[in-house]
Amino acid sequence: MMAGSTLEIKDLHVEIEGLEILKGVNLTIKGGEFHAIMGPNGTGKSTLASAIMGHPKYEVTQGQILLDGEDVLEMEVDERAQAGLFLAMQYPSEVSGVTTSDFLRTAINAHREEGDEIQLMPFIKEMDKTLDFLEIDKNMAQRYLNEGFSGGEKKRNEILQLMMLKPAIAILDEIDSGLDIDALKVVANGINEMRSDSFGCLMITHYQRLLEYITPDHVHVMMQGRVVKSGGPELAQRLEAEGYEWIKEELGIEDETVGNNA
Amino acid sequence: MSVETKLPYDQDYVSSFSDKRNEPNWMKEIRLKGLELADRLEMPRPDKTNITRWNFEDFKHSVDGDKITSANELPDAIQAFLDTDKENKNIVVQRNNSVAYASLSSELKDKGVILTDIATALKEHSDLVEKYYMKDAVQIDEHRLTALHAALMNGGVFVYVPKNVQVEEPLQAVFWQEDKEAATFNHVIVVADENSSLTYVENYISHNDNEKAVANIVAEVIAHDNASITFGSVDNFAAGTTVYVNRRGVAYRDAKIEWNLGQMNDGNTASENVTHLIGDNSFSYAKTVSVGRGSQIQNFTARIVNHGKNSNGLILQHGVMKEKSTGIFNGIGKIEHGATKANAEQESRVLMLSEGSRGDANPILLIDEDDVTAGHAASVGRVDPLQLYYLMSRGISQEEAERLIIFGFLAPVVNEIPIEAVKNQLTEVIERKVY
Ligand SMILES: Nc1ncnc2c1ncn2[C@@H]1O[C@H](COP(=O)(O)OP(=O)(O)OP(=O)(O)O)[C@@H](O)[C@H]1O
Ligand SMILES: [Mg+2]
């Protein structure tokens, strides 16, 4: 078994349009581990995910991101993906004129050496198998990427990509939002299917509901652009039952959003 | 400004040109009328582009091309447009201003289908051609270029599908300007009689990167009651050719005309694509895609006029502009008084690949009736950085991601080209023009 990768985030500070959003995030995710990040709206969760993947609008002003010791911040977005990172986005783009199937095949081939491209038949077999697993209508593969997809279809499509690209570390930004209960189970099955020593995962979510299907090893709470509390699965359960007030009181935080400091 | 240029050809020339080709008298009269009008009429004025100084009058008018006996003798560059593995090809290959090769399946011949070059059509189907030639679609006296066209028409094809005949396989015309200075005054007529259907695909090819040439093209496309026409094109005149192309449709009751135009010329181009939805419940979807490069200036005016009740006219124009090229896209929907329940939609979009290029997207709605629906959309901009980011986040390189986005943007026409070889050629031309 291939040893898993390690993603280290050290003292990460991130600005968007001159405004500091992340103010020193520390987090380490190893192969085999499932982490969950929770936290109220506007506390920097998506910003963290975007900064890791290299979103063009986010500027890292301080700190480090390392994947197996390699400096991720030096890499272009495509290089980060090729190094093993994957981000299921909260709001995936629509790309007209490009079928989901063509896109997937191009993406798979981007991870392979020239001359070692995946052949059409094995690709279709693999794709059909994954579509079935995720209970996605086969027609979707011939539709243009995310164009006119419902919210739930977009989320399933992100998991389809996850399962076919098999990254070392995946970040899933609110993969559960907008899913009905059946879809949630299907998506959770997909994510659980990925579980192995060589796969690490960071799930951003607002709901314990997802974590009932995918038990995390670690749960972190973000406020004011930092990880303010970490614990085990019981932390998520307490948040579900009691909300965030108690953490704010414990830490003396009045306004948890990023514009404010403790 | 009034144009004081002397016409390059006179009455004697035009008469003897017509005589030499043994044309019917009505045709000669149209030519002479055109010549006379060309002298007085003004140049057309496409919105936002001044074409009065473009070269439309300096050219070699009549150049014959060698005949061949089989499509195999065509050079590879032309054969590439043919689905050579398919038998029974229904095709006319025009080389300069004469036919090099023509073929029509006996099955279609037996059904009364006509696919032939315009000169032959004038000999063999004079009455039928006369019925449509510059009558209900394009008028001789619209402006100087239509008049000049009438006077000097020197090629083209005639397509006719009789009542109740459905032609499944595409009918194709390949117009190959082998001579680098030969002018293309093509006239194309495509008629689908009542309850019939056809798909027609045409290709223009020239190689005059430096030599000056002119194309002045008219296509008249007529769909009679309940008929359906799908008209595809890949235009690829080289940089030396100045192009005026006027493709016009007339759709009668319950008729349908779809345009899939891949307008990939490398020289200055003024393109007009107008469809009149005359009949009730008539429909047109006019799609055009283009790539501009170098310093070429192109104007694409697509216009659909709803006359019939419940008629539906959709326009899609997508242009990619690079280097110092200019692309103006006017998408005009006009609903006439009385066209109740009509629908008109226009979408014009330009993707700019360089700082120096210029793009303009002008969807326009003109409505003279209350009980209608309409909508339009326009955009001019760079490749969306968020789309790029999304594709790259899956490991796809920036170059490949841009390629996907650009081809996706042009897909509305590329995907609709029904002949595999032509579709591949269009893809290759796009590849050549963009990279
Ligand atoms: N383009 C932008 N310009 C200014 N502020 C921005 C911009 N994008 C994000 N922000 C701000 O950054 C902060 C953090 O946003 P982020 O999307 O990371 O929050 P989040 O924790 O993911 O919230 P949610 O749970 O609602 O998804 C918010 O206050 C947001 O308004
Ligand atoms: Mg978020």
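Which residues coordinate the magnesium ion (ligand 2)? Here are a few friendly notes, with the reminder that this is a predicted model.

1. **The metal site.** The magnesium ion (ligand 2) is held by A:Ser46 through OG and by A:Gln90 through OE1, at 2.0 to 2.4 Å. The two residues are 44 residues apart and link distant parts of the chain: A:Ser46 belongs to helix H1 (residues 45-53) of chain A, and A:Gln90 to the loop between strand E6 (85-88) and helix H3 (100-110).

2. A:Ser46 has a relative accessible area of 24%, so it is partly exposed. A:Gln90 counts as buried because its relative accessibility is 19%, with the cut-off for buried set at under 20%.

3. **The A–B interface.** Between chain A and chain B, about 1900 Å² is buried, and carbon and sulfur atoms give 66% of that area. On the chain A side, A:Asp78, A:Met89 and A:Thr106 lose the most area to chain B, together 22% of what that side buries. In terms of contacts, 32 residues of chain A meet 20 residues of chain B.

4. **Polar links across it.** There are ten residue pairs in polar contact between chain A and chain B, both residues being at pLDDT 80 or more. The count of salt bridges between these chains is one. A:Glu158 pairs with B:Arg394 in a salt bridge, with the closest N and O atoms 2.6 Å apart. The elements of chain A that give two or more residues to the side touching chain B are H1, helix H2 (77-83), E6, H3 and helix H5 (151-165).

5. **An annotated span in chain B.** An unreviewed UniProt entry lists residues 176-409 of chain B as "domain: SUF system FeS cluster assembly SufBD core". This span is 9% helix and 58% strand, and its end C-alpha atoms lie 28 Å apart.

Definitions and conventions:
Residues are numbered from 1 along each chain as its sequence is written. Chains are lettered from A and ligands numbered from 1 in the order in which they are written. This is a predicted model: local features need pLDDT of at least 70, side-chain atom pairs count only at pLDDT 80 or more; totals for chains, interfaces and linings use all residues. Side-chain values use heavy atoms; hydrogens and water are left out. Donors are N, O and S atoms within 2.8 Å of the metal (3.2 Å for Na, K and Ca); water is not among the atoms, so sites may look incomplete. Helices (H or I, at least four residues) and strands (E, at least two) are DSSP runs, numbered from the N terminus. Buried means under 20% relative accessible area, exposed over 50%, partly exposed in between (1.4 Å probe, protein chains only). UniProt positions are given in the numbering used here, feature names are shortened, and annotations may be inferred rather than shown by experiment. Contact means heavy atoms within 4.5 Å. Buried area is the accessible area (1.4 Å probe) that two parts lose on being put together, summed over both. A salt bridge is a side-chain nitrogen of Lys or Arg within 4 Å of a carboxyl oxygen of Asp or Glu. A polar contact is a pair of N or O atoms within 3.5 Å; within protein, one must be able to donate a hydrogen and the other to accept it, and residues adjacent in sequence count only if both atoms are side-chain atoms.
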